[in-house]
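Have a look at the sequence and the 3D view, then work through the points below.

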Amino acid sequence: MNLKVEINKLGDQAIVSVAGEIDAYTAPKLREAIIPLAEESNPNITINLKNVSYMDSTGLGVFVGLLKSVRKNGGQLNLVELSDRLERLFSITGLSDIIDISSKSEGGVQ
């Protein structure tokens, strides 16, 4: 089970590309990579999930924790390029009501 996390900073925006599976084994690696971004002042984080093939509840927990940290520090979190499967997962759990998600890329994120 592999997970690849790539972080690019463009000005005050952090663009994170995630590829692979997010589950109980890989979630700690994802958390370790992205939580420091949320702890900056006024973080603006866009996470591209185009290449995520699977996510379980552990992965959802990472994003809930990230959102709490981002909001605490006055920032914004966007999840883009979610597959239909991931969109459905966020919708079923109600997280799509509190996290800004989109199946399309925004702001030049590809």
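Let's start with a right-handed β-α-β unit, made by β3, α2 and β4. Right-handed here describes the crossover: with the strands pointing away from you, the path from the first strand over the helix to the second runs clockwise. Helices (H or I, at least four residues) and strands (E, at least two) are DSSP runs, numbered from the N terminus.

This is a predicted model, where local features need pLDDT of at least 70 and side-chain atom pairs count only at pLDDT 80 or more, while totals for chains, interfaces and linings use all residues. Residues are numbered from 1 along each chain as its sequence is written, and side-chain values use heavy atoms, leaving out hydrogens and water.

**Crossovers and parallel pairs**

- β3 and β4 run parallel and are joined by five bridges; two strands count as a pair if DSSP finds at least two bridges between them.
- I47 has L79 in β4 as its bridge partner.
- A right-handed β-α-β crossover also takes the chain from β4 through α3 to β5.
- β4 and β5 pair in the parallel sense too, over three bridges.
- On that side, L79 has I101 of β5 as its bridge partner, and N78 stands opposite D100 in β5.

**The whole sheet**

- Five strands form an open sheet in the order β1-β2-β3-β4-β5, with mixed pairing.
- From one strand to the next, the twist averages 20°; angles run from 0 to 180 degrees between N-to-C directions, and axes are lines fitted to C-alpha atoms, for helices over the stretch in contact.
- β1 and β2 run antiparallel, joined by eight bridges, and N8 has I15 in β2 as its bridge partner.
- The hairpin of β1 and β2 has two residues between the strands, and G11 there takes a positive phi near 65°.

- α2 has 16 residues and reaches 23 Å from first C-alpha to last, close to the 22 Å expected at 1.5 Å a residue; the expected span is 1.5 Å times one less than the number of residues.
- Buried residues of α2 include G59, L60, F63 and L66, where buried means under 20% relative accessible area, exposed over 50%, and partly exposed in between (1.4 Å probe, protein chains only).
- What covers the buried residues of α2 includes α1 and α3.

**What's inside**

- The largest nonpolar core has 29 residues, and I45, I47, L49, F63 and L66 have the most contacts inside it. A nonpolar core is a set of buried Ala, Val, Leu, Ile, Met, Phe, Trp, Tyr and Cys residues joined through side-chain atoms within 4.5 Å.
- Four of the five residues of β4 are buried, so β4 is largely enclosed by the rest of the structure.
- L49 is in contact (heavy atoms within 4.5 Å) with V18, M55, F63, L79, V80, E81, L82 and L86, leaving aside neighbours within four places in sequence.
- S102, in strand β5 (residues 100–102), is buried, with a relative accessible area of 14%.
- Leaving aside neighbours within four places in sequence, S102 is in contact with L79, V80, E81 and L82.
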